Amino acid sequence: MATLHSPVVNKEDNQKISTERLTPQTAYHVPLWKALTGLIMSYVIVGAFFIAHGAIGFAEKGVAARIIFFHVPCAVLSSIAYFVGFFYAARYLLKLKSEKIKPFLDDYRSAAAMELGFLFCLLATITGSIFAGVQWGSFWNWDPRETSIVVMLLLYASYLLLRAANSLKPELRARLSAVYAVVALVPAQFLIWAVPRILATMHPTTTLTDPRMTSLSYKMVLYPAFIAFVLLFIWLMQLRVRMMMLWEQHRHNAQQTMETDYR
């Protein structure tokens, strides 16, 4: 009788799972960098309303500019996440040829990065739409940047659907999604970085890149915002990878139990 097998998590993955489990002695211990993430994010939220003042040229007496502290980091992370997903996908494919044991940990990391990329891309779209409604009078204008990020969302969504369609075939899922992440890198980054610079756009092009266009109060909040969101991305990615490893281990143990009972 044919059976569907979950991937066997290799020894390295098992060691990582066991070392990452919380013990009673360390259950309430919070690593310093995670505490720092919370502090910086709290500072950004407070600073967006009490440190940064209304900006010249923005609607609602400049208040609309405050959304950049959340919109811009999300937009940048939606691109960085794809690079991270690409890196681990490529490493998975390279290890696949050279190692007898399937390197599923790299697959989990790639998948986690792509999932978070979709999340941050969605947040960038929502916050950008809110800004457009306040600043330009319409929540959607089919601006090159708006169109590009929608296509980027579709690229991310296609990746997630590809993995979901092969959820019962983990090895096939890992190979197909890794190839997709590698092949789609160029069009994804072209949409984010090249298209808005080739075509005319309503988005300001020098407001953030030219230091003279940004006041000190905005720099005091925007730069820590980038740090906070990057740290948050790393934290969420670690949690997601751990969830994937534990889930696959649970499926494998359940499969072994079923086979033992069947015999």
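Which side chains meet in a salt bridge with an N to O distance of 2.8 Å? The points below answer this and then turn to other features of the model, which is a predicted one.

1. The pair in question is aspartate 106 and arginine 91, whose side chains form a salt bridge at 2.8 Å, N to O. Aspartate 106 belongs to helix H4 and arginine 91 to helix H3, so this bridge ties together parts that are 15 residues apart in sequence. The two partners may be described by their accessibility: aspartate 106 counts as buried because its relative accessibility is 2%, whereas arginine 91, at 28%, counts as partly exposed.

2. Aspartate 106 also meets the side chain of lysine 95 in a salt bridge, here at 3.1 Å, N to O. This pair likewise links distant parts of the chain, with aspartate 106 in helix H4 and lysine 95 in helix H3, eleven residues apart. Lysine 95 has a relative accessible area of 22% and is therefore partly exposed. Arg91, Lys95 and Asp106 belong, together with Arg109, to a network of salt bridges.

3. The structure holds six salt bridges. One of them joins the side chains of glutamate 248 and arginine 173, at 3.2 Å, N to O. Since glutamate 248 lies in helix H8 and arginine 173 in helix H6, the pair ties together parts 75 residues apart in sequence. Glutamate 248 is buried, at 3% relative accessibility, and arginine 173 is buried as well, at 9%.

4. The largest nonpolar core has 56 residues, and the members that touch the most others are Phe69, Tyr82, Phe233 and Met237. At least two residues of this core come from each of the helices H2, H3 (68-98), H4 (104-135), H5 (144-165), H6 (170-183), H7 (185-198) and H8 (216-262). Helix H8 gives the largest share, namely twelve residues.

5. When neighbours within four places in sequence are set aside, the contacts of tyrosine 82 include Met114, Met152, Tyr156, Tyr180 and Ala181. Also among them are Ala184, Leu185, Ala188 and Gln189.

6. Leucine 155 is located in helix H5. Is this residue buried or exposed? Leucine 155 counts as buried, because its relative accessibility is 17% and the limit for a buried residue is under 20%. Apart from neighbours within four places in sequence, leucine 155 is in contact with Tyr180, Ala188 and Leu191. Leucine 155 and proline 187 are separated by 32 residues in sequence, while their C-alpha atoms are 9.2 Å apart in space.

7. Zero disulfides are found when the whole structure is searched. Cysteine 121 is accordingly in no disulfide. Both residues are buried: cysteine 74 has a relative accessibility of 3% and cysteine 121 one of 0%.

8. Ile45, Val46, Phe49 and Phe50 make a nonpolar surface patch of about 450 Å². Phenylalanine 49, one of these residues, has its place in helix H2 (residues 32-50). With a relative accessible area of 52%, phenylalanine 49 is exposed, because the limit for an exposed residue is over 50%.

Note on methods
Residues are numbered from 1 along each chain as its sequence is written. This is a predicted model: local features need pLDDT of at least 70, side-chain atom pairs count only at pLDDT 80 or more; totals for chains, interfaces and linings use all residues. Side-chain values use heavy atoms; hydrogens and water are left out. A disulfide is a pair of cysteine sulfur atoms within 2.5 Å. Buried means under 20% relative accessible area, exposed over 50%, partly exposed in between (1.4 Å probe, protein chains only). Patches are made of residues with over 30% relative accessible area and no salt bridge: like charges are joined within 9 Å, nonpolar side chains (Val, Leu, Ile, Met, Phe, Trp, Tyr) within 5 Å. Accessible areas come from the Shrake-Rupley method with a 1.4 Å probe; for residues, only the protein chains shown count as cover. A salt bridge is a side-chain nitrogen of Lys or Arg within 4 Å of a carboxyl oxygen of Asp or Glu. Helices (H or I, at least four residues) and strands (E, at least two) are DSSP runs, numbered from the N terminus. A nonpolar core is a set of buried Ala, Val, Leu, Ile, Met, Phe, Trp, Tyr and Cys residues joined through side-chain atoms within 4.5 Å. Contact means heavy atoms within 4.5 Å.
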